[in-house]
Amino acid sequence: MSSVASEAPMTRVVQALIDLAGTDAEALLRALVEVAEADEERFASIREADPLAQAKIRGLLARRELVQAEGGCLTGSDAADLLGLSRQAVDKRRQSGALLAVAIGRRGYLYPAWQFADGVSVRLPRVREALGDADPWSQIRFFVSPNSALAGRSPVVALRQGDDDEVERAARMWGTQGAP
């Protein structure tokens with residue numbers, strides 16, 4: 001079998017992984033990034049099929065890290081069980097901004113677990129409103145990342161400590177030039 005023929009399936013596998021963000025393909029994605037960095041010639045057919053493949057893989061890994069931060073994520077069913085609600089009620093809370101979730105394609109949504117602990121969900125809508133029109137992935141990044149306006153604490157930690165007003169101020173500043 002020629003090397004060109006054997007590379008076509010690899011290209012399809014990489015594209016499938018890129019399309020399946022949110023799956024448990026982290027180890028394979030990391031391996032692909034390593035191959036791409038170490039063996040440009042081998043990754044060339046993948047890059048030819050999708051010039052942004054390497055960046056997409058890194059983006060998937062970054063998203064994976066975000067959803068794993070502060071306790072991972074729950075499915076809509078898991079969130080409903082935890083809250084003692086129906087899945088439809090959980091979805092209505094997501095739609096109203098009372099719960100934060102990221103879409104995972106046809107499989108629904110993932111809800112960061114940190115919002116269900118220590119009363120964080122009660123404070124969440126006010127902070128999300130202060131974040132403006134930031135997309136859910138950006139909002140998750142805001143909540144789990146250290147923030148200089150909060151003395152290096154993440155907003156989740158600050159909310160758990162009852163520093164709601166400070167977190168809201170940090171959210172209003174977030175995304176402006178020079179803000180963390």
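Analyst: The discussion below moves from the overall fold to one pair of helices. Please note that this is a predicted model.

User: How many helices and strands does the protein have?

Analyst: One begins by counting the elements and then reads their order. Here there are 10 helices and 3 strands. Along the sequence they follow the pattern α-α-α-α-β-α-α-β-β-α-α-α-α.

User: What percentage of the residues is buried?

Analyst: Of the 180 residues in the protein, 38% are buried.

User: At what angle do the axes of α7 and α8 cross?

Analyst: A pair of helices is described by the approach of the axes and the angle between them. Helix α7 covers residues 120-130 and helix α8 covers residues 136-144; their axes come within 12 Å and cross at roughly 115 degrees. Because angles of 65 to 115 degrees count as roughly perpendicular, α7 is roughly perpendicular to α8.

User: Is this crossing of α7 and α8 left-handed or right-handed?

Analyst: The crossing of these two helices is right-handed.

User: Which residues of α7 and α8 meet?

Analyst: On the α7 side they are L124, V127 and R128, which meet Q139, F142 and F143 of α8.

User: What share of contacts joins residues at least 24 apart in sequence?

Analyst: Among contacts between residues at least 6 apart in sequence, the share is 55%.

Notes. Residues are numbered from 1 along each chain as its sequence is written. This is a predicted model: local features need pLDDT of at least 70, side-chain atom pairs count only at pLDDT 80 or more; totals for chains, interfaces and linings use all residues. Side-chain values use heavy atoms; hydrogens and water are left out. Axes are lines fitted to C-alpha atoms, for helices over the stretch in contact, and angles run from 0 to 180 degrees between N-to-C directions. Helices (H or I, at least four residues) and strands (E, at least two) are DSSP runs, numbered from the N terminus. Angles under 35 degrees count as roughly parallel, over 145 as roughly antiparallel, 65 to 115 as roughly perpendicular and the rest as oblique. A crossing is left-handed if the near helix is turned anticlockwise from the far one by less than a right angle, and right-handed if clockwise. Contact means heavy atoms within 4.5 Å. Buried means under 20% relative accessible area, exposed over 50%, partly exposed in between (1.4 Å probe, protein chains only).
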